[in-house]
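Please open the model in your viewer and keep the side chains displayed. The stops below are given in the order in which to select them.

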Amino acid sequence: MVDEVDIAATWEGLTSDARSQLVDVRTRAEWTYVGIPDLGPIGKRAVLVEWQTFPDQSVDARFVERLAGELKALGVQLDDDLYFICRSGSRSLAAARAMAEAGFRSCHNVLCGFEGPLDDLRHRGALTGWKASGLPWLQG
């Protein structure tokens, strides 16, 4: 089972639980050109594993294997909180469900993601999401 949490609950979980992890499932292009969450202030780093590959946007058939390997290297246990983030919350929900099916028991989808929905000018990052909430992030 995967629940959905807002940005404030995500930040609280990441700061209050040393074992919790943020998993960013966007593409390399997004990490490079849009930015990534900066967890340095809380002594962590986001785990970056693409759910879909750029530019064709096909789902990576080895996503679960790749992420499980990254998490194992970090010492993550099956009960540790994993917060999944993408641009707006859709890909991260699919990725969180895949990891829950693989046995990870505390998967959370971050509502509104890194950039949130489009505003009236068709721009992201101003209404809701990680960036609009004023949380730390780095430009790639």
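Select Arg 26 and Phe 114. In this predicted model, the charged end of Arg 26 lies over the ring of Phe 114, at 4.3 Å from the ring centre.

Next, select Lys 131 and Trp 137. Here the charged end of Lys 131 is placed over the Trp 137 ring, 4.1 Å from its centre.

Return to the salt bridges, of which the whole structure has eight. Select Glu 50 and Arg 28, whose closest N and O atoms are 3.8 Å apart in a salt bridge. This pair connects distant parts of the chain: Glu 50 belongs to the loop between strand 4 and helix 3, and Arg 28 to helix 2 (residues 28-33), 22 residues apart. Glu 50 is buried, with a relative accessible area of 14%, whereas Arg 28 is exposed at 56%.

Now select Asp 79 and Arg 105, another salt bridge, at 2.6 Å from N to O. Asp 79 is in the loop between helix 3 and strand 5 (82-85), and Arg 105 is in the loop between helix 4 (90-101) and strand 6, 26 residues apart. Arg 105 is exposed, its relative accessible area being 55%.

Turn to the aromatic rings. How many aromatic pairs does a search of the whole structure find? There are three. Select Trp 11 and Trp 130: the ring centres are 5.8 Å apart and the planes are at 75°, so this pair is edge-to-face. Trp 11 sits in helix 1 (residues 7-16) and Trp 130 in the loop between strand 6 (107-110) and strand 7 (137-138), 119 residues apart. Trp 130 is buried, at 0% relative accessibility.

Then select Trp 51 and Phe 63. Their ring centres are 5.0 Å apart with the planes at 80°, so this pair too is edge-to-face. Trp 51 is in the loop between strand 4 (47-48) and helix 3 (63-73), and Phe 63 is in helix 3, so the contact ties together parts 12 residues apart in sequence. Both Trp 51 and Phe 63 are buried.

Finish with the cysteines. The structure has zero disulfides. Cys 107 is buried, with a relative accessible area of 1%, while Cys 112 is partly exposed at 29%.

Conventions. Residues numbered from 1 in each chain as written. Predicted model: local features only at pLDDT ≥ 70, side-chain atom pairs only at ≥ 80, totals over all residues. Heavy atoms only, no water. Disulfide = S-S within 2.5 Å. Buried < 20%, exposed > 50% of the residue type's maximum accessible area, 1.4 Å probe, protein only. Phe/Tyr/Trp six-rings, centres within 6.5 Å; stacked < 30°, edge-to-face > 60°. Helix = DSSP H or I, 4+ residues; strand = E, 2+ residues; numbered from the N terminus. Lys NZ or Arg CZ within 6 Å of the ring centre and 35° of its normal. Salt bridge = Lys/Arg side-chain N within 4 Å of Asp/Glu carboxyl O.
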